[in-house]
Amino acid sequence: MFQMKQKVKKLKKILGVIGILILLLVIGAWIFISSLKPTYEGEEELVNSTKEVQVYYDAYGIPHIYAANEMDAKRALGYVHAQDRLWQMELLRRIGKGELSEVFGKDLLGTDKFFLTLGIDAAALETVANLDKNSPAVQLSEAYLEGVNQFIEEGPTPVEYYLTGIDKQPFTLHDVYNSVGYMAFSFAMAHKTDPLLTEIKNKLGDAYLMDLEIDVNPSTVLIKNHREQQSDSLLENVMVAVSNALDGLPIPQLEGSNSWVIGSKKTKKGKVIFANDPHIGFAQPAVWYEAHISTPNFKNYGYYFAGLPFPVLGHNRKLAYGLTMFENDDIDFYYEKTNPSDSTQYQTGNGWKKYEIINKIIKVKGEEEVAFSYKKTHHGPVLNGIANQIRGEKVISMSWIYTKVENKVVDVFYGMSHANNLEEFKEVLPMLHAPGLNIMYGDAEDNVAWFATAKLYQMPDSTHTKFILDGASGAQEPVRYLDFSENPQAINPPWNYVYSANNQPDSIAGNLYPGYYLPENRAKRIVQLLEPKNDWDKNAVSEMITDVTSSVDARVLFNLINKVKVKELVGEQLILLDRLNLWEGEYGLNSVEGLVYTRWIYNVLKNTFKDELGEDMFKQFMTTHLHKRLIAPMMENDTSIWWDNVATESESETMLDIVHRSYIEAMESLSNDFGNNVAQWTWDKAHSIEHEHPIGKVEMLRSFFNVGPFPVNGSKEVINNMAFSYDGTGMYKVSSGPSTRRVIDFSDVENSISILPTGQSGNPFSPHYEDQAEMYVNGEFRKMMMNKEEIVENAKSLLVFKPPKLED
């Protein structure tokens, strides 16, 4: 008995020790996690600052920075931006430098090679070497970086650094321009489209190009101008290599956008209303970081790209500006001819030149360093050799205007944020060479404007830049750069509004500029809503920016229904067809028609194009804007060569055959997925959004880092453009959409509204990591506060930055 009591006593001691250890571990974990949270209150010394800076955080974690001068404000901005978004900034600066493999391992080696080959990093180094260090833009950028680097040195290390095992390093101007370079490339579409079209032409012939909507259809809705009076296998390999490189990115790509600015004559209170929702790939953290800065000489409520010191979108009491993607063609591919007698040379219009050889070293996590070399011509990098897929004798190079001319993109963002009126704003736009942007503008003086902003160039007559060009003859080189005055634009047009939805701009001097424009769907709906109404207010615009109706899709469905073999239908197939006839193109959560249409149109595309293109080319085709542009016109073209299935030699299929077969397949797949009750086939069951963090790809960490999933309304090419990739799964996981929704009403600018897709912070331990996510999917908004009295009264916390103490 005594021994038993001793054993029990000993066991209790052991359990007590274990309990204490567990408690200590819990306390330690709690202390560690608490140490990783952003600091939203208290006092900090701010390096090189001259006066106190006050940062009031509102209910959504947005900093309102009050400083005596802009240099101190930028230092504070750098610090608070870094504490909420340092990991995002880290990844962005690594893309252009080819340093993702160092973080994520060998799977991203192809992505690193591709981006090194583009020359973003080399262009950034050259730009920084030639900067005027005394310019206001550079000095403010350096002040911003001082704040970023102070946080890196003194602040807590984000959890992602611990999980990936990398060290924090200071940021430089070189990193700023690398981030800009990635932004510029992610807007481009030629890298997906030009090799594909050339391969289709080589493989199938010119007849198969006719219905692909390669060229502009002047009968679609164009953005109107107005000025105030004053194949071979190598090609397929290129496509695969580029797609693989981009698919590996742990950062979202920029996709499309909407914006409209309504003139004072069309608003209820007689003042301009500005609306903008840039469409960007969804990820966590969200793309934009909001910050409000107020100094005696500078005031701006801005949206910042990670690592950039100036806002890309912004407004104050005087003016508002935003952007959509221009979608102009700024990348050209060339076939190069290697000298058969000397493989180190290639042919130009002026004789033979030597290939330039670029040598790089790529660090790979857990592996040996990889030595990497690529060739370069006067056009740009040679794509052969950047990935294992690209082999063959034909040499293909890529010419990208971003790396061709002087880079002043950061100066443009500085200039836009410091403009006081329309004239000052216009003056900075010609400096933007790439990426091509539709810059949207509205102000308190009742001006509205749209500027297609990019360095445009003229090619020789009969040169079609959507195919790979002849690089050896010199006959297909740019003829001249257009003056900015020739770019499409509209200033205070008589119809009293401007807009952009990535659709084709109208002509200048009789010419339509080539590009990779999106179909007219959103543009048509925007014009349809704006034209008849002359009493717009903030609430009406906020409803419009979340609109989920496509009149184009409704028309396409009507055309499809007319091609169904009705006599061969039975039961629910027939009943559903009658229901579809009444659809007006709405994609609400409970829409049955929207889900049926989406399944049906994918099957039509698959059954029409896959037999000719094959699996890989069809997959690539579905990543381009081509398939979006051709849906509506193809459904009105029953003579297209594509309708015939080349795999069935004994018969010749018609549009009627393909459309009918696709309807039956859609019905069968929906029954398999959701049962036989058609009422259960609702959009919310198939269309969802999840904001994925790069580390959320690890399943056990998914619920911690990712936000969502949520069922969400909207669809492809409606104003609330919740886009997704078509595939055979029949589940539509939203990949891109409005990266913010902003409505700025100059009759009451202090009550302007906005929303972010998830939250302000990229720190998963912050209360602002996902506090806007449900509001976003529900189409709700929050105020963008600018009134200091209101901000101070409603602030959730105050962070004060003090100048460094003087040493004795």
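**Strands and sheets in a predicted model**

Visitor: How many bridges join strand β24 to β25?

Guide: Happy to start there, keeping in mind that this is a predicted model. Strand β24 covers residues 687–691 and runs antiparallel to β25. One of the pairings sets His 691 against Val 707 of β25. The number of bridges joining β24 to β25 is three.

Visitor: Let's move to β7. Which residue stands opposite Tyr 303 in β8?

Guide: Strand β7 spans residues 299–304, and a hairpin of four linking residues connects β6 to β7. Six bridges join β6 (residues 289–294) to β7 in an antiparallel arrangement, with Ile 293 opposite Asn 300. β7 also pairs with β8 (residues 313–315), again antiparallel, over three bridges. There, the residue opposite Tyr 303 is Leu 313.

Visitor: Is strand β7 mostly covered or mostly exposed, and how many of its six residues are buried?

Guide: A residue counts as buried when its relative accessible area is under 20%. Across the 808 residues of the chain, 59% count as buried. Strand β7 is mostly covered, and its number of buried residues is five.

Terms used. Residues are numbered from 1 along each chain as its sequence is written. This is a predicted model: local features need pLDDT of at least 70, side-chain atom pairs count only at pLDDT 80 or more; totals for chains, interfaces and linings use all residues. Side-chain values use heavy atoms; hydrogens and water are left out. Two strands pair if DSSP finds at least two bridges between them. Helices (H or I, at least four residues) and strands (E, at least two) are DSSP runs, numbered from the N terminus. Buried means under 20% relative accessible area, exposed over 50%, partly exposed in between (1.4 Å probe, protein chains only).
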